[in-house]
Amino acid sequence: MSGAALGLEIVFVFFLALFLLHRYGDFKKQHRLVIVATLLAWYLCFLIVFILPLDVSTTIYNRCKLAVNSSPVESNGSYVTLAPSKQKCFKPWSYIPDGIMPIFWRVVYWTSQFLTWILLPFMQSYARSGGFSITGKIKTALIENAIYYGTYLLIFGAFLIYVAVNPKFNLQWNQLQTIGIAAANTWGLFLLVLLLGYGLVEIPRSHWNGAKRGYLLMKTYFKAAKLMTEKADAEENLEDVMEEVRKVSESIKYNHPLRKCVDTILKKCPTEYQERMGRNMDDYEDFEERQNSYPSEKSLVKLHKQVIYSVQRHRRTQVQWQILLEQAFYLEDVAKNETSATRQFVHTFQSQEPENKIVQYFYTPTVEWYWECLLRPWFYRVLAVVLATFSVIVVWSECTFFSTNPVLSLFAVFIQLAEKTYNYIYIEMACFLTIFFLSICVYSTVFRIRVFNYYYLASHHQTDAYSLLFSGMLFCRLTPPLCLNFLGLTHMDATISHRDAQPTAYTSIMGSMRVLSFIADGFYIYYPMLVVILCIATYFSLGTRCLNLLGFQQFMGDSEMTSDLIDEGKELIRREKRKRQRQEEGENRRREWKERYGNREDSTRNRVVHTEQKESSFSETNTNRPLSKYTRSNGRTERDRIELLQDAEPLDFNADSINDDPLESDSGR
């Protein structure tokens, strides 16, 4: 089994990162380099979290071997105590041979640092660039990152000059490397504590509120009102950008040198806009004979960038709106089925996607009713209590992990008790649960953060390239200090425990932080205590209240604005529900009509089409005006018009608005 656990975890973590990236990214539409870079960043960060418990168990075994070899006997007068038996130092099932872990950590760490500080920022600018060629995009990315890279080079150069001139410092390359690692980890720890303080409170609270059906439904109504505003704004922005594209497309004809750039922009537009603009692209004019001013290539690059952004935002809001509707309909169904006497879950609308037969066999309407209406609320409450207990342990350990005598950190107590009995299974499970919970608190906050429309991780393949790359940068900067913080909580870091023991392989590549004593003995120890203040602020929703005061509507139960948005969202959901019901009723009527009068309809349709052809031929011989625009709209044939007349639905006088203007009923008239 030597090294087998490492190989299994490497494969498992790869597929885990690939699954999450497939959920948020779009493999078909996004650039391959963006997908590969993001996948590599996520994969390396998840790999560090999963492999670190194996490093801890291997380090404990190596310490046991050193203790056995270095202390053969202990004398106490006439009483001689032999060293611990070698039988106690049995190899763990996940033991990794010597020399593998240092090389592994060195490759993983420096690759992640290269991604987060050099490659991913460059690719962000490359992905957002509106250039029409690879050279143009690279040039734009270099210009945008010149200040970014120049700042780091200036700081590093000034530091090297100071060290070279000052005779008090005699730093070697390893010490300079340690200083660079300490600077990166300090920046990451500063952000880590902020995200951890939010996640430690919000994750248990969200699961506790998940058991409240009324709370979830009201919050869904609130989201619907906000999303409808964003959706309308995205549609308006797309219309404005498409109008600019139309003007540019009409002004630049086929023989213009910039026509290729215009064609590239048109390919990024939605299909309906491409068809609409394609009607005016057949004219051929000599651009040299016209005196009109043409847009420059720089303005086309800017327009290309706007098109990419507006189309992505419009598509994302459309998909999110459909997902939110399904969620609202389902929560309303749960509220209705809670009082059902038959104890069978009844859906208002059938699922549009075909369900798995195995799931249908086991997850029957009766089982669904017991789970959704009876068991699921209690499951969420129990899970919330367990998560809250973990959060309390983390907060206590963050405030007391610097105390080594007595040991107050609960995670350190658990690991040291298991170390005495060399229970490696328990050690690895305790380490994995601890670092996994810390990672969930931090990474879930990264997935929830939204910085206006510049950074937003949206599921169902709706995340843009810029947000994916930015998330990879955050993960690579947060994971190393997260692991160091975990090792400090468990007293596996010699800098914290002050023990002369063999360090873990992960700590050894970080170097000795004693080079910067004010960071090792000050910032790393006392700054994590700030998590207590952040947890209190999150518990009382101080950040939400501040955003609400600044005009960013947040869900707050005691706010009048929240109540208004809930009522607005409820009305929007009611309209969409009535609209979908009318669509299903119309489809059912058409299906019944075809099943009952299918043959008769075909014969009647043929006779009507034959009569219409005779009348149209007679009218063409007696008039000089073309009547094509009156007899054909948007390319529809007479047969399609007859189908629409036969499939016409009765008017719904309960609808909110009825269009009385016949001229607006057809866009082609």
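Predicted model: local features only at pLDDT ≥ 70, side-chain atom pairs only at ≥ 80, totals over all residues.
A residue counts as buried under 20% relative accessible area, as exposed over 50%, and as partly exposed in between (1.4 Å probe, protein chains only). Residues are numbered from 1 along each chain as its sequence is written, and side-chain values use heavy atoms, with hydrogens and water left out.

**The chain as a whole**

- Of its 669 residues, 39% are buried.
- Among contacts (heavy atoms within 4.5 Å) with a separation of 6 or more, 78% come from residues 24 or more positions apart.
- The accessible surface of the chain, by the Shrake-Rupley method with a 1.4 Å probe, is about 39100 Å², and carbon and sulfur atoms hold 60% of that.

**Salt bridges overall**

- Searching the whole structure turns up 13 salt bridges, each a side-chain nitrogen of Lys or Arg within 4 Å of a carboxyl oxygen of Asp or Glu.

**Helix α7 (residues 259-268)**

- Arginine 259 and aspartate 263 are joined by a salt bridge, with 3.2 Å from N to O.
- Both residues sit in helix α7, four residues apart, or about one turn of the helix.
- Aspartate 263 is partly exposed at 28% relative accessible area, whereas arginine 259 is buried at 4%.

**Helix α11 (residues 365-400)**

- Glutamate 372 pairs with arginine 376 in a salt bridge whose closest N and O atoms are 3.1 Å apart.
- About one helical turn separates the two, because they are four residues apart in helix α11.

**Helix α20 (residues 560-621)**

- Glutamate 571 and arginine 575 form another salt bridge, and their closest N and O atoms lie 3.5 Å apart.
- Helix α20 holds both residues, four residues apart, which is about one turn of the helix.
- Arginine 575 is partly exposed at 37% relative accessibility, and glutamate 571 is partly exposed at 26%.

- Glu230, Arg316 and Arg450 belong to one network, joined by salt bridges that share partners.
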